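The exercises below concern a predicted model, and each task is followed by a solution that goes step by step. Please keep the structure open while working through them.

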Amino acid sequence: MTNSWHERFSADEYVYGKEPNQFVVEAAGVLPKGKVLCIAEGEGRNSVYLAAVGLDVTAWDYAQSGLDKTARLADEKEVTVKTELCDLADVEWEAEQWDAIIHIFGHLPLDVMERTFEGIRKALKPGGYYVSELYTKEQLRYGTGGPRVESMLVDPGMLLEEFDGYFIKHFRVGEVDREEGQLHTGTAHVVQSIFQKREEEK
């Protein structure tokens, strides 16, 4: 099967740019100094930034070309990011592995998204953080990035249900301005979240 993401990231240009997502920058201040996983990480802009601020970072992506660019960007910034080729449709999540999991514009078919949330809940350590910025279904009206398929966009209520019982450190739905390479440009409609797994949860 053709991997369109591998083809997209095969260009020399970083199609989402080299600078981190602004919400990742804002959220980094609350993250514990520990093991961080960036899922659907693309070309590495967020994982490289988090490594630069002192975190132990692993990047997962479905496209080897994206992981290769992650490694090049890490070399350019003189930091270390572990990279792993992972398909979230069938990856095995290990229990209580990560102090934080970062999920920026990683849009998936609904069944894969639900599987991914289940995996995240399992894989976070007690006290660990889930950090995300995702396009809502309203994003179809904006056309400034993200899937053009409504079922792959996020209902904010679904996030609250998936992380029910977690401590909500941040939750916001609304417009943001994003200039991230050639594919995320302009005003967008997003849901931002920082959920912390409670210490007593397993």
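**Exercise 1.** Determine which strands helix H5 lies across, and at what angle H5 runs to S5.

*Solution.* Begin with helix H5, which spans residues 110–123 and lies across strand S1 (35–39), strand S4 (98–104) and strand S5 (124–135). Then take the directions of the helix and of S5, which make an angle of about 150 degrees.

**Exercise 2.** Work out the strand order of the sheet, and identify its edge strands.

*Solution.* The sheet is open and consists of seven strands, which follow one another in the order S3-S2-S1-S4-S5-S7-S6 with mixed pairing. At the edges stand strand S3 (81–85) and strand S6 (167–180), each of which pairs on one side only. From one strand to the next, the twist averages 20 degrees.

**Exercise 3.** Describe how H3 and H4 are oriented to each other, and which residues meet.

*Solution.* First, the axes of helix H3 (residues 45–52) and H4 come within 9 Å and cross at roughly 30 degrees. Angles under 35 degrees count as roughly parallel, and H3 and H4 are therefore roughly parallel to each other. Next, the handedness of their crossing is right-handed. Finally, Arg45, Ser47 and Val48 in H3 meet Thr70, Leu73, Ala74 and Lys77 in H4, a contact that comprises three nonpolar, two polar and two charged residues.

**Exercise 4.** State what the UniProt record annotates over residues 23–130, and give the helix and strand content there.

*Solution.* The unreviewed UniProt entry carries the annotation "domain: Tellurite resistance methyltransferase TehB-like" for residues 23–130. Over that range the chain is 39% helix and 28% strand, with the end C-alpha atoms 13 Å apart.

Notes: Residues are numbered from 1 along each chain as its sequence is written. This is a predicted model: local features need pLDDT of at least 70, side-chain atom pairs count only at pLDDT 80 or more; totals for chains, interfaces and linings use all residues. Side-chain values use heavy atoms; hydrogens and water are left out. Two strands pair if DSSP finds at least two bridges between them. Helices (H or I, at least four residues) and strands (E, at least two) are DSSP runs, numbered from the N terminus. Axes are lines fitted to C-alpha atoms, for helices over the stretch in contact, and angles run from 0 to 180 degrees between N-to-C directions. Contact means heavy atoms within 4.5 Å. UniProt positions are given in the numbering used here, feature names are shortened, and annotations may be inferred rather than shown by experiment. Angles under 35 degrees count as roughly parallel, over 145 as roughly antiparallel, 65 to 115 as roughly perpendicular and the rest as oblique. A crossing is left-handed if the near helix is turned anticlockwise from the far one by less than a right angle, and right-handed if clockwise. Ala, Val, Leu, Ile, Met, Phe, Trp, Tyr, Cys and Pro count as nonpolar, Asp, Glu, Lys and Arg as charged, and the others, Gly among them, as polar.
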